[in-house]
Amino acid sequence: MEATPAVSGGNGAADEVSQAETAILRLKLAVWQQFQHVLDKTTPHVLRRWIGFSVLAFLYVIRVYFLQGFYVVSYALGIYILNLLIGFLSPQEDPALAADGPSLPTRASDEFRPFVRRLPEFKFWYSITKAFCLAFVMTFFSAFDIPVFWPILLFYWVVLFTLTMRKQISHMIKYRYVPFTFGKQGKKPSAEESTSLPVD
C-alpha cells in the first residue's frame, strides 16, 4: 500500500492567518496610542474642549429639531448626562459614609483641601462628548426613531432632574461643601507648580 502524502499547506495557511491577526492588532494598538496622545494633549485646554463640545451639542439639537424625531435617543442621552452630572458634583469620598465625619473643610480655620470629584472634569467632558457623538450617529438610522409623544418624556426628565438636583443640593448643604475649588487665598504658586499640567 502506498503511504498518503502529508498535507504541507496547512501550517502555511495557519501562519498567514496568525500574521494577519498580529498585523491587525498592531494597527489597532498604533491607532489607539495615537488617539490617546491627541487626547492627552487636549487635557490642559479646558475652555477649548468645552467650546468644541458646545458646537457638537448645538449640531445635535439642530439635527433633531429639523428631523422632528429621535426623541427616545434624546431622552436616553439626557438621563446619561444627568448621571454624569451627579458624579461631577459629588465628592470622591461621600461624607455620609465617612467613619470619622466629613473629610471636607467646614470652617475657615480648617486646613485647605481641594475638592476631589467622584468624576473628574476631563472624564466628564470625555464621557459626555462620546455620548453626543454616539447619539448623533444614531440619528442617521431610522431604526432608532421610535415614535413617541415627546412632551411626556420632556416632562418626566424635568421632574427627574429637579428631584435629583434637590437631593444633591440638600446633600451639599448638610455636609457644607461646594463642588468647586477656588484655591487658597494668600499663597502664590511656585514656578514648578504653575507650569505643571492639571491631573484629573
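Helices (H or I, at least four residues) and strands (E, at least two) are DSSP runs, numbered from the N terminus. Keep that in mind for every element named on this tour.

**Set up the view**

This is a predicted model, where local features need pLDDT of at least 70, side-chain atom pairs count only at pLDDT 80 or more, and totals for chains, interfaces and linings use all residues. Residue numbers start from 1 along each chain as its sequence is written, and side-chain values use heavy atoms, with hydrogens and water left out.

**Whole chain**

Show the cartoon. The protein chain has six helices and zero strands. Along the sequence the pattern reads α-α-α-α-α-α.

The accessible area (Shrake-Rupley method, 1.4 Å probe; for residues, only the protein chains shown count as cover) comes to about 15,200 Å² for the protein chain. Carbon and sulfur atoms hold 66% of that surface.

Now colour by burial. Buried means under 20% relative accessible area, exposed over 50%, and partly exposed in between (1.4 Å probe, protein chains only). Of the 200 residues in the protein chain, 24% count as buried.

Next, contacts, meaning heavy atoms within 4.5 Å. Take those in the protein chain with a separation of 6 or more: residues 24 or more positions apart account for 87% of them.

**Stop 1: T42 and R49**

Select T42. This residue sits in the loop between α1 (9–41) and α2. T42 is partly exposed, because its relative accessible area is 22%. Beyond its neighbours within four places in sequence, T42 is in contact with R49, F122 and W125. Draw a line from T42 to F122: their C-alpha atoms are separated by 9.4 Å, though the two are 80 residues apart along the chain.

Move to R49, in helix α2. R49 has a relative accessible area of 5%, so it is buried. Look at its polar contacts (pairs of N or O atoms within 3.5 Å; within protein, one must be able to donate a hydrogen and the other to accept it, and residues adjacent in sequence count only if both atoms are side-chain atoms). A polar atom of the R49 side chain lies 2.8 Å from the backbone oxygen of T42. For the backbone oxygen of T43, the distance to a polar atom of the R49 side chain is 3.1 Å. Setting aside residues up to four places away in sequence, R49 touches T42, T43, E121, F122 and W125.

**Stop 2: R117**

Jump to the loop between α3 and α4 (121–138), where R117 is placed. Is R117 buried or exposed? R117 counts as buried, because its relative accessibility is 16%. Its side chain reaches the backbone oxygen of F88 at 2.8 Å. Select the residues that R117 touches, not counting those up to four places away in sequence: F88, S90, P91, Q92, P179 and F180.

**Stop 3: two positive phi angles**

Most residues other than glycine have a negative phi. Select Q68, in the loop between α2 and α3. Q68 is not a glycine, yet has a positive phi of about 55°. Then select R176, in the loop between α5 and α6 (191–195). R176, also not a glycine, has a positive phi of about 50°. R176 is exposed, because its relative accessible area is 54%.

**Stop 4: the second largest pocket**

On a 1 Å grid over the protein atoms alone, a pocket is an open set of points where a 1.4 Å probe fits, with protein on both sides within 12 Å along at least five of seven lines; lining residues have an atom within 4 Å of a point. Grid points are joined across faces, edges and corners, and a volume is the space filled by probe spheres set on the points.

The second largest pocket holds about 470 Å³ of space. Select V64, Y71, S74, Y75 and L154: of the 16 lining residues, these lie nearest its centre. Helices α2 (46–67), α3 (71–89) and α5 (150–175) each supply at least two lining residues. Which helix gives the largest share of the lining? That is α3, with six residues.

Finish by colouring the lining by type. Ala, Val, Leu, Ile, Met, Phe, Trp, Tyr, Cys and Pro count as nonpolar, Asp, Glu, Lys and Arg as charged, and the others, Gly among them, as polar. The lining divides into 13 nonpolar residues, three polar and no charged.
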